[in-house]
Amino acid sequence: MIRQYLKFRKTITIVCVLSLLFLIFLILTKNQNSNSSELIRHHKRLDDDFQDIGYRELDDIPKKEIYVLGEKELKMELSNTIEDSTKRELREVKAKVEQLEKKIAFLEGRIPQKYPEVQYLGYKERKRILVTGGAGFVGSHLVDVLMIQGHEVIVVDNFFTGRKRNIEHWFGHRNFELIHHDIVNPLFVEADEIYHLASPASPPHYMQNPVKTIKTNTLGTINMLGLARRVGAKILIASTSEVYGDPMVHPQPESYWGHVNPIGPRACYDEGKRVSETLAYSYAKQEKVSVRVARIFNTYGPRMHVSDGRVVSNFIMQALQNLTITVYGNGKQTRSFCYVSDLVDGLLALMASSYSLPVNIGNPVEHTIEEFAVIIKNLVPGCRSTVATGAAVEDDPQRRRPDITLAKNQLHWSPKVSLQDGLQRTIDYFKEELSRTTFYNNQTYIDFKVKTSH
Ligand SMILES: NC(=O)c1ccc[n+]([C@@H]2O[C@H](COP(=O)([O-])OP(=O)(O)OC[C@H]3O[C@@H](n4cnc5c(N)ncnc54)[C@H](O)[C@@H]3O)[C@@H](O)[C@H]2O)c1
């Protein structure tokens, strides 16, 4: 009985387990079926979308959709991305190039791109002209005129008192050449004409190294005359009214032999120039060199050295800074001042002429130094300077005025620029110089811009 009962229970358990398994099987099969029908429905939706795309513009389709949708669109998306990044890089490079171009333009702006207009001369008229001391006050103005006339100009200078700034507007011009050279040493260049101007001209400069001043005017002049002889060039020597010393004849004609102290503080310059003239005529006589001698009287104008210690520059600088205008001595000594463009015209006329003896070039309008001080003071607007006299300078010539009859007759030259006009242009120049410079004790200066840039 018990056995039968146990067998029955076992059968019931097996039946229950089997029904349970069947039930699980049924449930699982149902889930799978619903998943696959969902999958089929989804695929169908995708197919429909894809069909739609065929009728639309690809550009209108949002990129995300294309990425999902197919390989063709994926490629397109990729190429678009590459194109975009290339374009961005190009834009960046272009911006950098533009920046660099601006920088170059700024740097190039410092060097004049455009030169003053020069004439064109054929090879028969065009001369090769050497200007010694061409970076100085007078020399640089002469260089300007020669360049504008269309000649080839070689400047030789040791920059003792000259400045590159005076001639920098010609740097790089095909007709212009600059040689940094001391004419006390021989020079070998080819030239048709030589303007020999190299020598300090203001008393503080030529007295600074008297031996060098004599060497420049003697050895330097021998070198230039020797060069003129070798290459067959015509040479003009820049002499000075100082060869008349403290003159006993007034006004001074070329025939006057002068009154010079050979051992005074000005002798290095005065006697140096007198030897220069002697050398010129010795080379003319002995070596048949074609010489011209200009006896230059006091000249003024833009590009004068601000600290050269000459009357015009001193007075203007003092007036512009409302400092006391100092007159050395009693102020009754006289001077005649020639504007630089008039002097340059005179030098050109002398070189072109056939007259080979010394010629005075200067302005015969004579004023006392005291009068000059007042004229300059009145030309500077708002000037509060006073005029004071100081100790007299040793060997200072008392009267100076050129007799220019010879220049008028031989060169048909006479000065044109009035004292008022010339002084006004010079005052404007010094004003500009003052704005660039800082002065200490009215003696030495430091170029402010240069100083602060270092
Ligand atoms: N400016 C005047 O009032 C005046 C008056 C009479 C004569 N001069 C004569 O005119 C000429 C020019 O005078 P400036 O007023 O132009 O003077 P400056 O001092 O301005 O010019 C003279 C030039 O010669 C150069 N120089 C000097 N020694 C040299 C050397 N050994 N080698 C090469 N170069 C040298 C200087 O660096 C300078 O550039 C000088 O010979 C001077 O004696 C001038």
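**Note on the predicted model: ligand shell, sheet and core**

1. Helix α4 gives the most to the shell around the ligand, with three residues. Helices here are DSSP runs of H or I with at least four residues, strands are runs of E with at least two, and both are numbered from the N terminus. This is a predicted model, in which local features need pLDDT of at least 70 and side-chain atom pairs count only at pLDDT 80 or more, while totals for chains, interfaces and linings use all residues. Residues are numbered from 1 along each chain as its sequence is written.

2. The ligand is surrounded by 28 residues, and the closest are Gly-133, Gly-136, Val-138, Thr-161 and Gly-162. By class the shell has 13 nonpolar, 13 polar and two charged residues. In this count Ala, Val, Leu, Ile, Met, Phe, Trp, Tyr, Cys and Pro are nonpolar, Asp, Glu, Lys and Arg are charged, and the others, Gly among them, are polar.

3. The protein has 13 helices and 15 strands. Seven strands form an open sheet in the order β3-β2-β1-β4-β5-β6-β11, with parallel pairing; two strands pair if DSSP finds at least two bridges between them. β3 (176-180) and β11 (359-361) stand at the edges with a single partner strand each, so one side of each has no neighbour in the sheet. Neighbouring strands are turned by 20° against each other on average, direction ignored. Axes are lines fitted to C-alpha atoms, for helices over the stretch in contact, and angles run from 0 to 180 degrees between N-to-C directions.

4. Some pairings in detail. β1 (residues 128-132) runs parallel to β4 and is joined to it by four bridges, and Ile-129 has Glu-193 as its bridge partner in β4. Four bridges also pair β4 with β5 in the parallel sense, with Leu-236 of β5 as the partner of Tyr-195. Three bridges join β6 (residues 291-296) to β11, where Asn-360 is the bridge partner of Arg-295. Helix α7 (residues 267-287) packs on the sheet, touching β5 (234-240) and β6, and its direction makes about 155° with that of β5.

5. Which way do the residues of β4 point? Glu-193 and Tyr-195 point one way from β4 (residues 193-196), Ile-194 and His-196 point the other way, and all are buried. Buried means 20 or more other C-beta atoms within 10 Å of a residue's own, exposed means 12 or fewer, and partly exposed lies in between, with C-beta atoms placed from the backbone. Buried residues make up 33% of the 454 residues in the protein.

6. The largest nonpolar core has 72 residues, of which Val-131, Val-153, Ile-194, Ile-235, Ala-294 and Leu-347 touch the most other members. Such a core is a set of buried Ala, Val, Leu, Ile, Met, Phe, Trp, Tyr and Cys residues joined through C-beta atoms within 7 Å. Beyond four places in sequence, Val-131 touches Gly-139, Leu-142, Val-143, Val-153, Val-155, Tyr-195 and Leu-197. Contact means C-beta atoms, placed from the backbone, within 7 Å.

7. Leu-379 lies in helix α10 (residues 369-379). Leu-379 is partly exposed because 16 other C-beta atoms lie within 10 Å. Leaving aside neighbours within four places in sequence, Leu-379 is in contact with Leu-423, Gln-424 and Ile-427.

Technical notes:
Contact = placed C-beta atoms within 7 Å. Near = placed C-beta within 6 Å.
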